[in-house]
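Trainee: I would like to learn how to read the packing of side chains in a model. Where should I start?
Mentor: Start with the contacts of one residue, then widen the view.

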Amino acid sequence: RYPMKSFFFLVFLVLSFSLSGQEASKWYKGNLHTHTNLSDGNETPRRVVRWYYDHDYNFLFITDHNSLTEVARLDVDPRDDFLVLPGEEITNSLAKQRLHTIALFATTPVMPSKGKSSVEILQKDIDNALATSALVQLNHPLWRWSLTSSEIGQLKGLTLMEIINYNRDSNNFPAGGSRGTEGLWDDLLSKGFQIYGTASDDTHDYLGEFLPSLSYPGKGWIMVRAEELSPQAIRKSLERGDFYLSTGVTLEDVSATQRLYSLKIQARDDEKYTTLFIGKDGKVLREDLSLTPSYAPEGGETYVRAKVISSNGETAMTQPLFLKRP
């Protein structure tokens, strides 16, 4: 009798712990790619931070070019729900190729490397960033058509890649025979290259009118699911791909298992939504028009990811779930 009561009590504790863990996880909005007037932005770091704070972001990386902007003085209130985090855009080039990476959570500045090829230069920059315990993102790979999937696929140590970068010349979208950065991402994923996709403002322009030719804030971001708003928790979620990118669509939940990939979309006003579940080579595996779209893998897929498109042209993309190695 008593052993059985103890057993049920133990089950109750396990379930309670599991449910409380789920309730503790929250979504946090952040931008990974931000410039100030300490490099080529047109506003001071403090006013840049204030813009994101006032517009309901939860965290912000300051990533000035080839320098590590001091953020401790910008994040002075430990009681608010906002983090300012350190980063550096390692800004490099080879002829017309733009070779930019970001060292997120960098502790010391990383100087751009030299080399004879784009792969050699980028790998040196990545290795130097990793040596500072940074998390590395590849920026705007199609900016001025700088990189190919073959070149990117040779790199080691990358965790993130910008799929949407709202800076002019980033060539995010399919046109003129190019599949855009999303197609580039699918090329890499189809070859077994495991990398998570992000969206960012790459902000430079904060003053005057927000014209299409300018890199102004608030156009693309990521939503990170973490147990708390801390640098350690945000980093862990980025490392394991527990986040999605957005240009306006909000997801209440994302669940990806070997048996079912499912989402819950937060409806807004009278918008309609289409969700595409995408697999190898960018093939659409399923189209779902509901607010709770799902896809059950059939067994032959390499990976599955989801893309939600709203009737107002906004989108959200989730991270790939690898089902087997190609």
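**Contacts, cores and rings**

Mentor: Phe 59 touches Tyr 28, Lys 29, Gly 30, Asn 31, Leu 32, Phe 82, Leu 83, Leu 85, Ile 222, Val 224 and Ile 234, leaving aside residues up to four places away in sequence. Keep in mind that the model is predicted.

Trainee: Which residues touch the most other members of the largest nonpolar core?
Mentor: Phe 59, Ile 152 and Leu 238 do, in a core of 51 residues. Helix H3 (residues 118–130) supplies the largest share of this core, five residues. A separate second core has 30 residues, including Val 49, Tyr 52, Val 71 and Leu 251.

Trainee: How many aromatic pairs are there?
Mentor: The count is 13.

Trainee: What is the geometry of the pair formed by Phe 277 and Tyr 295?
Mentor: That pair is stacked, at 6.0 Å centre to centre with 25 degrees between the planes. Phe 277 belongs to strand S12 (residues 273–278) and Tyr 295 to strand S14 (residues 294–295), so the pair ties together parts 18 residues apart in sequence.

Trainee: Is Phe 277 buried or exposed?
Mentor: Phe 277 is buried, because its relative accessibility is 0%. Tyr 295 is buried too, with a relative accessible area of 5%.

Trainee: Where does the charged end of Lys 29 sit?
Mentor: The charged end lies over the ring of Trp 221, 4.0 Å from its centre. Lys 219 lies over the face of Tyr 216, 4.1 Å from the ring centre.

Note on methods. Residues are numbered from 1 along each chain as its sequence is written. This is a predicted model: local features need pLDDT of at least 70, side-chain atom pairs count only at pLDDT 80 or more; totals for chains, interfaces and linings use all residues. Side-chain values use heavy atoms; hydrogens and water are left out. A nonpolar core is a set of buried Ala, Val, Leu, Ile, Met, Phe, Trp, Tyr and Cys residues joined through side-chain atoms within 4.5 Å. Buried means under 20% relative accessible area, exposed over 50%, partly exposed in between (1.4 Å probe, protein chains only). Helices (H or I, at least four residues) and strands (E, at least two) are DSSP runs, numbered from the N terminus. Contact means heavy atoms within 4.5 Å. Rings of Phe, Tyr and Trp (its six-membered ring) pair if their centres lie within 6.5 Å; planes under 30 degrees apart count as stacked, over 60 as edge-to-face and the rest as tilted. A charge sits over a ring if NZ of Lys or CZ of Arg is within 6 Å of the ring centre and within 35 degrees of the ring normal.
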